[in-house]
Amino acid sequence: GVMCALRGAENPKGSLFMDQGNGSTLMAGIRMLEKLETASANAMYWGYIREKARMLNLSFQHLEDFAIARLACLTRVKPTEVGNLQVEWYRLNRGDREVLTEHFCRDGMYQPTYVF
């Protein structure tokens, strides 16, 4: 089993944080870590992002899709919030989306990037 106490003070009888959605996300991360001896860090990282995109019903075909999926992971977007994220993303002008796409598609291991 997995125990999580992020919201333990709110309810001592169980985990409010480790619901089905957060549990699925955790298990996706664990599945990627199981590939530690056979896959590169880059492949595992983007494999996790791809799996999270699948869970959120996000496309994962083009670089801009990768950026949106990574942003969804970084901001812990829930399935009910995906539509809002996409609306706000496409409200940005094309140039800003291109800059952000380049930034979010860098891996930080082989391609330097910056933390906001």
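How are H3 and H4 oriented relative to each other? I shall answer that for a predicted model, in which local features need pLDDT of at least 70, side-chain atom pairs count only at pLDDT 80 or more, and totals for chains, interfaces and linings use all residues. Residues are numbered from 1 along each chain as its sequence is written, and side-chain values use heavy atoms, with hydrogens and water left out.

The axes of H3 and H4 come within 11 Å and cross at roughly 130°; axes are lines fitted to C-alpha atoms, for helices over the stretch in contact, and angles run from 0 to 180 degrees between N-to-C directions. The two helices, H3 and H4, are therefore oblique to each other. Here, angles under 35 degrees count as roughly parallel, over 145 as roughly antiparallel, 65 to 115 as roughly perpendicular and the rest as oblique. Helices are DSSP runs (H or I, at least four residues), numbered from the N terminus.

In this pair, Glu64, Ala67, Ile68, Leu71 and Ala72 of H3 meet Leu85, Trp89 and Tyr90 of H4, where contact means heavy atoms within 4.5 Å.

Let me turn to H4 itself, residues 82-91. Val82, Leu85 and Trp89 are buried there, that is, under 20% relative accessible area, with exposed meaning over 50% and partly exposed in between (1.4 Å probe, protein chains only). These three lie on the same side of H4, because they cover an arc of only 60° around the axis, taken from the directions from the helix axis to the C-beta atoms. Exposed Asn84 and Arg91 sit on the face turned away from that buried side. The cover over the buried residues of H4 includes helix H3 (63-74) and helix H5 (94-104).
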